Amino acid sequence: MTQTIEPHRLSADDVQLSQQLHYIDGEFRSGKLGRTFETLAPTTNEPLCSVAEGTAEDIDQAVRAARRAFDEGPWPRMKAKERAAILRRIAAAIRDEADAFIGLECLDIGMPIAQMGGIAARAADNFDFFANEIEDLKGYAYQGGDDFLNYTVHKPVGVAGLITPWNAPLMLATWKLAPCLAAGNTCVLKPAEWSPLTATHLAEVLGEFLPPGVLNVVHGFGETCGAPLVAHPDVNLISFTGETTTGSTIIANGAPTLKRYSMELGGKSAVVVFADADFERAVDAVLAQIFTLNGQRCTAGSRLLAEQSIYVELVEAVAARARNVRVGDPFDARTEIGPLIHAEHHERVMDYIDSAREEAARILVGGERPPKLEQGNFLQATVIADVAPEMRVFREEIFGPVLVATPFASDEEAVALANATEYGLAGYVWTSDLARAHNVAQGMNTGMVWINSHNVRDLRTPFGGTKRSGIGREGGEFSFEFYCEIETIHVALANHHVPRLGLEV
């Protein structure tokens, strides 16, 4: 498990900001067209700094640099252990820069500083982990009787386009960069326009260790920066984490060039709690799974499905605790929920809460801006009870600190309700009955299920979803099924029969 980094006492005033530039071919530069945009503080919606706005011209420069570095540079030609050694040095450098990364992330996305230590540690761990994985990566050998030996080898694919979301930009950028680089690929990273700060600092840190062109960072908007990256003919792979509709658009835009995709998309994960579960631990996990990371996480347990006999007691216990969840300044160590990322997103979440009121669900807790926090994108921890499966808040991803609760009467109904959305990323089952736990978990149509646990990641296991939650798996050796070409070598060990043609004239 990741060890949390304890940040020194930081405030917003400690974070040093300047214009965020692109990083292309080993140097920081402005955009070709000279455009900029402002990134906003979610606590106030006031500008933090200006950001170079990338367009197709900047993407083309970055992809050309990455292609040159792949075709002519040393990185893909290094031995795995040589790349692994560099990744470990990068991991150490990220730990050395932990305070800087933590300060930037808190300022940029409103993540509570009390939760950032684990995220900064995970960012470093990603590089250490994939350094070990690439050194230990194994192929397969198949003996064909006495005549053949067939074996597989892993080779880098080429240039990867890495498109990251705004909810956990540091951790998710490193989750893509580490296996991509470990495999020997080069890349262009396009961070979300709402959260550019840690991507720029990653370029500063990683640039000390990588040859020019191996890592490139281009800031910008999806339509004018992300789309040209996806469509570029010299980009071989696209790894995207984000909203499902955007993922669908990306696949369509890249189809003419037959790109390889890894898509980690939306979620609407159910937490299924049976009457025989450890009640207090289940309450703790329900709260942690929806209200940490400001509720803005793809694997959030956003639907509480409770067995009928404990439904009222469980929902009231969760609501009572939710009333005490502290919302406020992300740099305050006591804060448990910071602001949502952007005013536009805050409005979207509020619209979902309004829809629940209109559809006669009960708002037990929250649903409003906290008192004395008139500025910014703050929202109280919210619990909505008696939510029916046809309601929008049951079916659609809200992506905020909003929990909806629904009762069930049987194991079969629990599974049916858990599966009653278009998403299938994660699920959580709480019960002391081992057979029931396995049966319910396997009945859930999701990529991952945790039994008697919140989301505790084992980086060796595959991560990904079903249905509209994505395509493909990353994590451990599964990442290299995406970031590597697997080539099969067939070796003849004897003079097997070869048809002889054209002997007769």
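The model is a predicted one, so local features are kept only at pLDDT of at least 70 and side-chain atom pairs only at pLDDT 80 or more, while totals for chains, interfaces and linings use all residues. Residues are numbered from 1 along each chain as its sequence is written, and side-chain values rest on heavy atoms, with hydrogens and water left out.

Side chains of opposite charge can pair when their charged atoms come close. Taking a salt bridge as a side-chain nitrogen of Lys or Arg within 4 Å of a carboxyl oxygen of Asp or Glu, the count comes to 23.

One of them pairs D276 with R436, with 3.4 Å between the closest N and O atoms. D276 sits in the loop between β12 (270-273) and α9 (279-291), and R436 belongs to helix α14 (residues 434-443), 160 residues away; helices (H or I, at least four residues) and strands (E, at least two) are DSSP runs, numbered from the N terminus. R436 is buried at 18% relative accessible area, whereas D276 is partly exposed at 29% (buried means under 20%, exposed over 50%, partly exposed in between, with a 1.4 Å probe and protein chains only).

Another bridge joins D351 and R392, whose closest N and O atoms are 3.3 Å apart. D351 is in helix α11 and R392 in helix α12 (residues 392-395), so this pair ties together parts 41 residues apart in sequence. Shared partners then bring D351, R392, R395 and E396 into one salt-bridge network. D351 is partly exposed, at 41%, and R392 is partly exposed too, at 26%.
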